Amino acid sequence: MKSTPEITPAGDGLASRLVAFNILNDIFFQRRSLDEAYAQAEDAFAALESRDRGFVRLLVATVLKRAPQMDTALAVLLHEPLEHLKPQQLLNVLRLGAAQIAFLQMPPHAAVNTSVELAAQTGMAWQKSLVNAVMRRIAQDGLPQLEPRDAGRINTPDWLWRQWADDYGVETALDIAAANLSDAPVDFTVKENPALWAERLAATLLPTGSLRLPSAGFVPGLAGFDDGVWWVQNAAAALPVKFIAAHFGGDLRGKKIIDLCAAPGGKTAQLAALGAEVVALDRSAPRLKRLQENMARLHLSAATVVADGAAWTPPALADAVLLDAPCSATGTIRHQPDVLRLKDIRDQDKLAALQKRLMLNALKMLKPGGVLLYCTCSVQKAESEAQTDWLLAQGAGAVLSPIRVGEVSGINAMLTSRGELRALPHHWREYGGIDGFYAARFVKAPR
């Protein structure tokens with residue numbers, strides 16, 4: 001599956017490739033997240049022209065999604081284990097060149113020449129002949145052609161693949177893996193008049209009310225941004241608030257709602273826009289500051305608290321608690337592909353244990369009859385359905401409140417038999433897919 005960039009790098013493109021190289025080194029060798037790596041490269045990235053910044057993002061995402069596939073081919077061409085490359089960062093020079101030729105349809109001569117120059121500019125001049133030979137071979141012969149589902153399997157870590165296959169069967173796991181290789185669209189939530197703003201932004205109005213663009217470029221430059229009309233939020237992540245609102249007959253005015261793990265604030269904004277009295281809680285002060293900045297742009301208000309949601313006690317019981325629980329985020333791989341390279345089973349186990357503590361404390365925050373909306377952006381059932389099973393078995397007063405067919409338009413095929421949302425990345429193919437996401441609604445039983 002090839003992606004065609006909408007832009008080409010200005011000039012010889014070396015500056016953009018150097019930024020991409022440094023970001024990839026931070027992720028693969030320093031184990032920084034994608035966001036952290038971009039923050040580390042902030043000055044160099046900001047100095048690029050707009051089209052080159054887009055090219056960097058495309059390069060980095062392609063390498064993160066396709067690294068195992070490229071590594072397999074490179075190992076054959078090099079006739080030696082990749083771990084023997086000196087220095088190890090040379091591998092990212094080769095990956096960047098291979099990605100441009102095999103997946104981004106860049107002119108082969110540009111990819112070859114800039115890869116050789118990149119090696120020279122990063123202290124690896126003595127490897128220029130090797131880089132030149134490997135790149136020319138790829139330009140001549142390409143990489144082995146794979147069907148999307150085969151490519152998806154190769155590029156999915158074994159620990160993750162085993163869980164998806166166990167949870168959904170091999171065929172569905174292959175569909176999930178293939179969908180993760182596709183480009184992620186950009187979704188927006190609009191405070192009001194979504195049809196009007198779909199027209200103004202030339203966006204698709206999705207059945208759930210979110211807007212979608214195939215890509216957005218410079219988001220702050222879009223109409224309505226400065227006026228606080230809308231915010232970026234994946235269509236799946238916009239659903240939990242709709243489930244809370246549906247429980248209360250669509251009217252959240254005056255309802256006291258706690259948004260746990262709230263940053264960066266998309267769900268907080270939804271709740272506030274519907275008239276709820278929101279307390280947004282997050283354990284990270286910098287992330288909560290970002291939430292406050294977003295809310296200010298949107299001309300919305302919410303109380304904010306820096307605290308651990310697994311231990312915090314509110315001053316008064318709430319009508320609802322929204323728990324978007326920390327997870328391995330494997331539902332977001334299309335636009336956060338570092339998840340494929342940085343997460344492992346230990347992260348999942350640690351986060352699943354944290355989720356349990358958060359769920360139990362969230363119940364304590366509720367009035368009798370109050371609503372707990374638990375959700376995650378994980379594809380694995382260990383971080384979603386299995387957690388619902390666990391909570392129901394605790395005798396903690398949580399009763400499942402099924403999400404009903406027709407409650408929100410366009411998602412009937414994503415509802416489980418007991419009324420949970422289970423979105424997978426290959427759902428909504430006709431609209432360009434959706435993030436992997438899970439949601440379950442509970443009511444706190446009276447004592």
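Predicted model: local features only at pLDDT ≥ 70, side-chain atom pairs only at ≥ 80, totals over all residues.
**View A. Arg31, in the loop between helix 1 and helix 2.** Helix 1 covers residues 14–30 and helix 2 covers 34–40, and Arg31 lies in the loop between them. Phi of Arg31 is near 60 degrees. That is a positive value in a residue other than glycine. Arg31 has 48% relative accessibility, so it counts as partly exposed.

**View B. The packing of helix 4 on helix 7.** Helix 4 spans residues 50–78, and helix 7 spans residues 128–141. The two pack at an angle of about 115 degrees. Their axes are 11 Å apart. The crossing of helix 4 over helix 7 is right-handed. Helix 4 brings Leu74, Leu77 and Leu78 to the contact. Helix 7 meets them with Leu130, Val134, Arg137 and Ile138. By class, this contact has 6 nonpolar residues, no polar residues and 1 charged residue.

Residue spacing is worth a look here. An α-helix has 3.6 residues a turn, so residues three or four places apart point the same way.

**View C. A cis peptide bond at Pro87.** Lys86 and Pro87 are joined by a cis peptide bond. Omega is about -15 degrees. Pro87 sits in the loop between helix 4 and helix 5, the latter covering 90–102.

**View D. The buried residues of helix 9.** Buried in helix 9 are Trp159, Leu160, Trp161, Gln163, Trp164, Ala165 and Tyr168. These residues pack against helix 8, helix 10, helix 15 (338–342), helix 16 (345–364) and helix 17 (385–392). Strand 11 (421–423) is also among their packing partners. Just after helix 9 comes Gly169, with a positive phi of about 95 degrees.

**View E. The buried residues of helix 10.** Helix 10 spans residues 170–179. Its buried residues are Ala173, Leu174, Ile176, Ala177, Ala178 and Ala179. Their cover includes helix 8 (148–154) and helix 9 (158–168).

**View F. Asn180, in the loop between helix 10 and strand 1.** Asn180 is found in this loop. Buried means under 20% relative accessible area. Asn180 has 3% relative accessibility, so it counts as buried. Not counting residues up to four places away in sequence, Asn180 touches Lys65, Trp164, Ile333, Arg334 and Pro425. Asn180 and Gly152 are 28 residues apart in sequence. In space they are 7.2 Å apart, C-alpha to C-alpha.

**View G. The largest cavity.** Rolling a probe the size of a water molecule over the atoms shows where empty space is left. A search of the whole structure finds 1 cavity of 30 Å³ or more. The largest cavity holds about 30 Å³ of space. Lining this cavity are Lys65, Gly152, Asn155, Thr156, Ala177, Asn180, Leu181 and Leu340. The lining divides into 3 nonpolar, 4 polar and 1 charged residues.

**View H. The second largest pocket.** This pocket has a volume of about 270 Å³. Its lining has 16 residues. Of these, Thr189, Val190, Lys242, Gln270 and Leu274 lie nearest its centre. Strand 1 (186–190), helix 12 (239–247) and helix 13 (266–273) are the elements that give two or more residues to the lining. Helix 12 provides the largest share, 3 residues. By class, the lining of the second largest pocket has 7 nonpolar, 6 polar and 3 charged residues.

**View I. Pro264 and Lys267.** A cis peptide bond joins Ala263 and Pro264, with omega about 10 degrees. Pro264 is in the loop between strand 5 (256–260) and helix 13. Lys267 is found in helix 13. Lys267 counts as buried because its relative accessibility is 8%.

**View J. Trp428, in the loop between strand 11 and strand 12.** Strand 12 covers 437–444, and Trp428 is placed in the loop between strand 11 and strand 12. Phi of Trp428 is near 60 degrees, a positive value in a residue other than glycine. Trp428 has 7% relative accessibility and therefore counts as buried.

Terms used. Residues numbered from 1 in each chain as written. Heavy atoms only, no water. Axes fitted to C-alpha atoms, helices over the stretch in contact; angles between N-to-C directions. Helix = DSSP H or I, 4+ residues; strand = E, 2+ residues; numbered from the N terminus. Left-handed = near helix turned anticlockwise from the far one by under 90°. Contact = heavy atoms within 4.5 Å. Nonpolar A, V, L, I, M, F, W, Y, C, P; charged D, E, K, R; others polar. Buried < 20%, exposed > 50% of the residue type's maximum accessible area, 1.4 Å probe, protein only. 1 Å grid on protein atoms, 1.4 Å probe; cavity = no way out; pocket = protein on both sides within 12 Å on 5 of 7 lines; lining within 4 Å. Points joined across faces, edges and corners; volume = space filled by probe spheres on them.
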